Amino acid sequence: MGKRFSRTAPAVQTLLGSLLAGASFSVVAQSQSLPAEALDWQPFGQDEAPHQLCRGRYVMPGYRLPAEQNPETLSVETLEVDYAADGEALLRGDVVLRRGNTELEAEQVFLPANRQQVDVEGNLALRDGQALLRGDQATLMLNEDRASLSNSHYVLYEQHMRGQASQLEQTGENQYRLRDATFTSCDPGVNSWQLVGSDIKLDQAKGFGTARHARLEVKDVPIFYWPWLRFPIDDRRHTGLLSPSIGFSSKVFDYAQPFYWNIAPNHDATITPRWMSDHGLLLNGEYRYLFAESRGTVEGGFLNSDGGSETGSNRFEGDKRWYIDADHTGRVNERSDYNLRYGAASDGRYFDDFGGEFGNSDRVSMERLAQVDYRGDLWQLDARAQGFQRLEDPLSDSDKPFYRLPSLTANADWQFGSGFYSQWRSNATYFWRDVDERQVPEREAAIGTRLHLTPAFGWRVEQPWGYIEPRTELWQTAYELDYGERVTDRDTSPTRSIAITSIDSGLVFDRELELGGRDYRQTLEPRLNYAYVPRTNQTQLPDFDSRERAFSWDQLWSPQRFSGADRVGDLNRVSVGVQSRLIEDDAGRDRLTFGVGQSIYFSERRIDSDGDPDTLPARPEDDPNVNPHSRYQATRDRSPLVTRLDWQINDRWSTGYEWLYDDHREQTERSSVDLRYRHPDGHVVNLGYRWEIEGFDPGVVPGDDGFRNYNREEWDLSFAWKASPRIDLIGRYLHDQTNDRSLEQLAGLQWNDCCYGVQLVWREWVDDNDTARVNDDFNDRGLFLRFVFRGLGGVGQDADSYFERAIPGYRPTPL
């Protein structure tokens, strides 16, 4: 009998439902595997294969039947159709049924007279554009959400997953059950890993599945077993165990097992017990919440009794160690936000011992904050109470930061036309800290209130050929102080009034230029800046938040030698400089920027952290506690010559250079150079060099933890090389040239495969023990392994964020 076509009402809805169940969870049966071509597998060609992790992809073949205008219409094509008197129908031969995007192929389809079910037999294949389902036999209940398929194979095209199940059943609406099932994301014929379960249930409505007697097999060898396992089958969050983290550092074993608790759609928590062989059991936790107008996070950790270190030198042995960090932000209205935060740790070494990646901790303080702001058309207001716990151990009283309880700020700007403008900056703060005021320098012993008002007036005229901007800023500052038990004759209500005057000006010359066959626009931009700050006695003023700034290119043009508001450095100088830029006309970006400048001083700079206008800083040979560079910096008649260069050599190579050279003493004060390589394929190479003379930063003195009693000279080499789509090689070497030692050595390999990934990293680093002294530094080292099963999860510590910081420009291939 020749082929014939017929159309009838929808009849395969439950088949599509069972297919989508497979799409939610990749399952595979224990029966014999099908050849790759039967799974709609398409190998990559010779030109495409070297650039892919997988050896091919799953591609659905074209539909055999054309689409109908009404997607509910069922199209049928078959070689033979037998009808019985009672209405039964048997379709035999090459049977094809299509309804909407779903197409079924089978050798035989039986329709009973009551049309309550459909029996399908013989090499069936069901496709809907997202997945393929194959089997030997299927029964579909047309009026119920029930179906059963035996010896089934399936493929998820987009997710690159495949599997088998000895029996696949639809037990209700969006409810499915699979017997003797497994799944894998590996290519056909390559079972590097697979998850096997004797009884798997899927609930699409709730978005999770459960498996009994589940085991993970690698190369058909069982390596992990779960009597019962709950897992997600979509992007929704679900309660359950997350991937563990395992690390080895020196002789230390570190294992963390996170548990995720999906409390509600806008609440969740992660609880992470962590066992460290040198410390004991640490319990970490994080709670997150989200509302329409606010959000927040609470995290913390607790160790009941520190077990000590492998060297026996842990002075926290037996102590309770903990931290807490709570952050809440919200919105009052469209112009006002607020922020609440509280952070605290049991000691300054907590995050050095327990936090950070690969032994690296970038937390230097714990913030406590209550803040609200207002953003008006004219006024910007801010009110806050703020403090910090500085994470250093040992921590002297002098290094403890002041709390601001509270701090109120009001700022505004006005434009009057013709270039005239006015600014208002104001702040009132109460400063407090819990220290023994008899053990700190006298200028740091007080607590109290500071009112700081800084109105400014200026005029700026700007034209294409240049600009000029004279400006005057008035600093009006008043204090109410309390020195506690400190015996002092200092004024408890000191005031200060001072004007900061500056004139900034510049010219712009440009010309068209052709270099190497390319068109550029070259500029020549000379700049002249004059600043005058009178010398004012500030010995009676406290030192809450001021620090003298290190010299730089930006300091050439700034009249303020100090940060904060407690000190205003005297200044009478003119700065001259010139900058030239090479601008690409077609892209409008700077290809090359070069600048050089210097300040000429007309008077000494006597004001330092003590605020004394009559006394120069002591000579280092007379007082070993002063910065060895401060006397010379105060009396020199010109600043170092500052030179900087930024050069985009080509699309792959770039460099940056800064050089501060003292042309009087004929020596370099600070220099840095960076050479960077960026390849379109992801290769990254960085080479950096740093030199800094001892005492270059005037804000630190020999007693500070950040003071180095040597000239700092360091080399920094880092690279990440994508040797192939499968292999990433990474490395870093940071060398302290002055002390002839390595500060960090890192080498790593990341292997990326179609169905799994491996990350192996070795790192050795120097722990500075929270001091700048070299003699108490010690080395630590570790070997870190992470293994990821694509589509299932992984084991090990995620290192990607650390690599991005350690190797600038590197973007790790996602595992």
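Thr536 is buried, at 18% relative accessible area (buried means under 20%, exposed over 50% and partly exposed in between, with a 1.4 Å probe and protein chains only). This is a predicted model, where local features need pLDDT of at least 70, side-chain atom pairs count only at pLDDT 80 or more, and totals for chains, interfaces and linings use all residues. Residues are numbered from 1 along each chain as its sequence is written, and side-chain values use heavy atoms, with hydrogens and water left out.

You'll find Thr536 in the loop between strands E35 (518–533) and E36 (547–548); strands are DSSP runs of at least two residues (E), helices of at least four (H or I), numbered from the N terminus. Setting aside neighbours within four places in sequence, Thr536 has contacts (heavy atoms within 4.5 Å) with Arg496, Ile498, Ile607, Gly611 and Pro613.

Now for the nonpolar cores, sets of buried Ala, Val, Leu, Ile, Met, Phe, Trp, Tyr and Cys residues joined through side-chain atoms within 4.5 Å. In the largest, which has 44 residues, those touching the most other members are Leu91, Leu97, Val109, Val120, Leu124, Leu178 and Trp193. This core lies between domain 1 (36–248) and domain 3 (640–696 + 712–814), because both give residues to it; the domain bounds come from an automatic or database assignment. A second, separate core has 16 residues, including Trp475, Ile500, Val568 and Tyr601.

Back to Val109: beyond its neighbours within four places in sequence, its contacts include Ala89, Leu90, Val118 and Asp119.
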